[in-house]
Amino acid sequence: MMFAILREVNLALIMKLIIVTLNQSQQSMANNQRTEFSANKKLTEGLQYLLNGYDSRIRPNYTGSPVEVQVDISVASFGNIKEVDMEFGLDMFFRQHWQDTRLSHNLTSKMTLTMGTKHPADFFWVPDTIFVDATKSYMHNVLTTNHKLDISANGEVDWGTRATLVARCHMNFRTFPMDEQKCSLNIVSYAYPTQHLIFAWKSIPGVVVLDKEMAQFYMKEMTTAVQRVEYVAGEYSLLQATFTFKRRMGFYLIQIYIPCIAIVFVAWMSLFVDSKATPARVGLCVTTLLTIATIWGAVNSTMPRVSYVKAIDIYLMTSFFFVLCTLLQYIGLIHKGRAKRGISRLKTPFLKKEAQGSSTCNLTSQYSSYRGGLYSLEEGQIEHPCDELNQEHKEIDSNDVEVVARIAFVVAFLSFNFFYWIALVYFV
């Protein structure tokens, strides 16, 4: 009986403790909610107080010293470098820092704000920063506008946003495809000259590149500078970030240089084809000529129409010349053979073997009418007795020319490649 009474008492105490704990938790949660609501209300009231009478059209300390805007950039990635349009693109996180005493408050921590679907310029003064070389630019707004605004108690403002832009880049293609391109990003104020606004890098170098890799290029170097430039409206403060891009050579070796070398050697192989096989030899030379011309046209179709010669143009032009030489050599060989046959037909003397059976041919001074490849003599008609010997001499001369052409072609082309790559890699 006593144990049952004790058990009931214990259960009652436990239930009472649980109820008290739940009441305390609910009360604590209510107090926290009231505290949070009070803090949010205080923050809202403070923000409304800051914006009361605030004119976002007027810069801070308008009649005093110029506003110093400190800039830092984090480049998330580079876009395509378009040689035809001479443009490059980049996706970046762009941050600006300045002080506006009109936004001073008594909070113990920074006031962090997001803009929703609006822009900070709808509420506060912000620098009218522009990118001088930009042709296309936009700020991201997925899922909301990508703006972050931090306001310190002493009125220091940090504004960060994400932007993507395409900018002009003056390129030099004389050493293409082993070229380096320097592209600059220039930052300046649109309306405020130096007596109102001065730009500076927040840190050194001021630009951080998170991803340096691209399909055809990689970033070799990055430098920053602060300048003052003169425009029609006055002197302006300018920030400059210069990116040096080095072109990757692998694509052009695989797609252009190696096929071009192979085509030139195919043309060289035509020198081993029998000189009597005119259709095969001419067809091979013409095909290789057209192939080189097609590669050349494909390369220049993706390049701007510059008025100077590029390094790859020199290589393709020389390869085209080597292929053309194989065709010119064969044409010269045919022309020489025809000239010899014409002289032989017009001026061939009659030859007569000696009675003793000598193998030499003796010239006779007797000429008569020429009819159908035969000469008429008083003794009768005979065919050209030395045609076979003349044909052998002609074949020997032709073979000598072919051998010299084969050796000269290979030596000249290999020498050209040696000096071309030495000059391109080490001197240019």
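Visitor: What does the accessible surface of the chain come to?
Guide: The accessible surface of the chain comes to about 26,100 Å², and 60% of that belongs to carbon and sulfur atoms. Accessible areas come from the Shrake-Rupley method with a 1.4 Å probe, and for residues only the protein chains shown count as cover. This is a predicted model, in which local features need pLDDT of at least 70 and side-chain atom pairs count only at pLDDT 80 or more, while totals for chains, interfaces and linings use all residues. Residues are numbered from 1 along each chain as its sequence is written, and side-chain values use heavy atoms, with hydrogens and water left out.

Visitor: How much of the chain counts as buried?
Guide: Of the 428 residues, 36% count as buried. Buried means under 20% relative accessible area, exposed means over 50%, and partly exposed lies in between (1.4 Å probe, protein chains only).

Visitor: And how many helices and strands are there?
Guide: The chain has 5 helices and 17 strands. These are DSSP runs numbered from the N terminus: helices are H or I with at least four residues, and strands are E with at least two.

Visitor: Which residues of α3 are buried?
Guide: They are Arg281, Cys285, Thr288, Leu289, Ile292, Ile295 and Val299. Cys285 counts as buried because its relative accessibility is 0%.

Visitor: Changing topic, how many disulfides does a search find?
Guide: A search of the whole structure finds 1 disulfide, meaning a pair of cysteine sulfur atoms within 2.5 Å. Cys169 is joined to Cys183, with an S to S distance of 2.0 Å. The link of Cys169 and Cys183 is left-handed, with -80° about the S-S bond.

Visitor: Which parts does that pair tie together?
Guide: Cys169 lies in the loop between β7 (156-168) and β8 (180-189), and Cys183 lies in strand β8, so the pair ties together parts that are 14 residues apart in sequence.

Visitor: Are those two cysteines buried or exposed?
Guide: Cys169 counts as buried because its relative accessibility is 3%. Cys183 also counts as buried, at 0% relative accessibility.
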